[in-house]
Amino acid sequence: MAHNIQLCDDGTMDTVFQCEKCSEEIRYSEVDRDDDGCVTDEFFEQVADDHECEDASCNQCEALMIQGLYCHETGCPNTKKVKIDGEWVARTDEDDE
Ligand SMILES: [Zn+2]
Ligand SMILES: [Zn+2]
């Protein structure tokens, strides 16, 4: 099974991966990396296993995740909702980070 995990270097000592599917960051503080800063394929597998992907799917349409935002099909009832813990809920605050 292909994984969707990317290694991204954020300039810290942490090893940061990003899931291409849900854009979530997965951060590890202690990882063995080689001289090039790479991690083993085995570790990628482990990250993929560890990560519980909140996949980009919408239960009402064929939504796509683009740069961390859901792009719903026209007319999808979830367009104005946000996905929290896998549930689509109506958005209450505009800027609630
Ligand atoms: Zn994911
Ligand atoms: Zn949708």
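Biologist: How many residues stand between S6 and S7 in their hairpin, and which residue in the turn has a positive phi?

Modeller: Two residues stand between S6 and S7, and Asp 85 in that turn has a positive phi of about 50°. This is a predicted model, in which local features need pLDDT of at least 70 and side-chain atom pairs count only at pLDDT 80 or more, while totals for chains, interfaces and linings use all residues. Residues are numbered from 1 along each chain as its sequence is written, and chains are lettered from A and ligands numbered from 1 in the order in which they are written.

Biologist: What makes S6 and S7 strands that pair?

Modeller: A strand is a DSSP run of E with at least two residues, a helix is a run of H or I with at least four, and both are numbered from the N terminus. S6 covers residues 81-84 and S7 covers residues 87-90. Two strands pair if DSSP finds at least two bridges between them. S6 and S7 have four bridges, in the antiparallel sense, so they meet that cut-off. Across from Lys 83 stands Trp 88 in S7.

Biologist: How many helices and strands does the protein have, and in which order?

Modeller: The protein has one helix and seven strands. From the N terminus on, the order is β-β-β-α-β-β-β-β.

Biologist: Which strands form the open sheet, and in what order?

Modeller: The open sheet has three strands in the order S1-S2-S3, with antiparallel pairing. S1 (5-8) and S3 (25-28) are at the edges with a single partner strand each, so one side of each has no neighbour in the sheet. On average, neighbouring strands of this sheet are turned by 30° against each other, direction ignored; the axes behind such angles are lines fitted to C-alpha atoms, for helices over the stretch in contact, and angles run from 0 to 180 degrees between N-to-C directions.

Biologist: How do you know that S1 pairs with S2, and S2 with S3?

Modeller: S1 and S2, residues 15-19, share four antiparallel bridges. S2 and S3 also pair in the antiparallel sense over four bridges. Among the bridge partners, Cys 8 has Val 16 in S2, Ile 5 has Cys 19 in S2, and Thr 15 has Tyr 28 in S3.

Biologist: What lies between these strands in their hairpins?

Modeller: Six residues separate S1 from S2, and Gly 11 in that turn has a positive phi of about 85°. Five residues separate S2 from S3, and there Ser 23 has a positive phi of about 65°.

Biologist: Which class do His 3 and Ile 66 fall into?

Modeller: His 3, in the segment before S1, has 18 C-beta neighbours inside 10 Å, so it counts as partly exposed. Ile 66, in strand S4, has 10 other C-beta atoms within 10 Å and is therefore exposed. Between the C-alpha atoms of Ile 66 and Glu 20, 46 residues apart in sequence, there are 9.5 Å.

Biologist: What is Cys 19 in contact with, leaving aside its neighbours within four places in sequence?

Modeller: Two residues are in contact if their C-beta atoms, placed from the backbone, lie within 7 Å. On those terms Cys 19 is in contact with Asn 4, Ile 5, Glu 24, Ile 26, His 51 and Cys 53. With the same exclusion, His 3 is in contact with Phe 44, Glu 45 and Ala 48.

Definitions and conventions
Buried ≥ 20, exposed ≤ 12 C-beta atoms within 10 Å, placed from the backbone.
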